[in-house]
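Please walk me through this model, beginning with the chain as a whole and ending with its aromatic side chains.

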Amino acid sequence: MYTATVPPSCGSFLELGGGVAELLDATPQVGPELPCQVNDPDLWFAEAPADLERAKVLCTDCPVRAQCLAGALARHEPWGVWGGEIFERGLVIPRKRPRGRPRKDDQRRREAVAGVPNTKTDKAAKETAA
């Protein structure tokens, strides 16, 4: 796992995007447990989009969500769920697409909803009508 640490003399680690260990050390010892500490840690770095969405939902009520997100942005985290957001290649993305090529029927459905003419079906309809 990639973490960056900041020397204590450089100011607040939350301002500078300190390491994850320091963030966890700064959380209150009493009170609610953090979702990333009580659930499977692999969930926050899963490949399946559904698992990443589940991790985002678990982050919703986290008491250190804002600090976690700020630190991940400062460190340019390469991937995973941080502060309730999905990171990929150091950027926040709204959702992760599944691996592989999209299904052809999904593309046709999107085109039909968007009103984009489908030349294959239009040609077949004209041949049938003639």
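Of the 130 residues in the protein chain, 25% are buried; buried means under 20% relative accessible area, exposed over 50%, and partly exposed in between, with a 1.4 Å probe and protein chains only. This is a predicted model, in which local features need pLDDT of at least 70 and side-chain atom pairs count only at pLDDT 80 or more, while totals for chains, interfaces and linings use all residues. Residues are numbered from 1 along each chain as its sequence is written, and side-chain values use heavy atoms, with hydrogens and water left out.

The protein chain has seven helices and three strands. Helices (H or I, at least four residues) and strands (E, at least two) are DSSP runs, numbered from the N terminus. Along the sequence their pattern is α-α-α-α-α-β-β-β-α-α. Contacts between residues 24 or more positions apart make up 41% of those with a separation of 6 or more, where contact means heavy atoms within 4.5 Å.

The mean pLDDT, the predictor's confidence in each residue from 0 to 100, is 75 for the protein chain, and 56% of the residues score at least 70. Among the elements, strand 1 has the highest mean pLDDT (94) and helix 1 (residues 13-16) the lowest (45). Over residues 1-16 the pLDDT stays under 50, and the model has 24 contacts beyond four places in sequence for that stretch.

Helix 5 (residues 65-75) has C68, G71, A72 and R75 as its buried residues. These residues lie on the same side of helix 5, because they cover an arc of only 100 degrees around the axis; the arc is that of the directions from the helix axis to the C-beta atoms. Just after helix 5, H76 has a positive phi of about 55 degrees.

Next come the paired strands. Strand 1 and strand 2 (residues 85-88) run antiparallel and are joined by four bridges; two strands pair if DSSP finds at least two bridges between them. Two residues lie between the strands of this hairpin, in which G83 takes a positive phi near 60 degrees. In the pairing, W82 stands opposite E85 of strand 2.

Two aromatic pairs are present in the structure. Rings of Phe, Tyr and Trp (its six-membered ring) pair if their centres lie within 6.5 Å; planes under 30 degrees apart count as stacked, over 60 as edge-to-face and the rest as tilted. F45 and W79 form an edge-to-face pair, 5.0 Å centre to centre with 75 degrees between the planes. F45 lies in the loop between helix 3 (35-38) and helix 4 (49-59), and W79 in strand 1 (residues 79-82), so this pair ties together parts that are 34 residues apart in sequence. Both residues are partly exposed: F45 has a relative accessible area of 24%, and W79 is at 42%.

The rings of F45 and W82 also form an edge-to-face pair, because their planes are at 75 degrees, with centres 5.9 Å apart. Since F45 is in the loop and W82 in strand 1, this pair ties together parts that are 37 residues apart in sequence. W82 is buried, at 6% relative accessibility.
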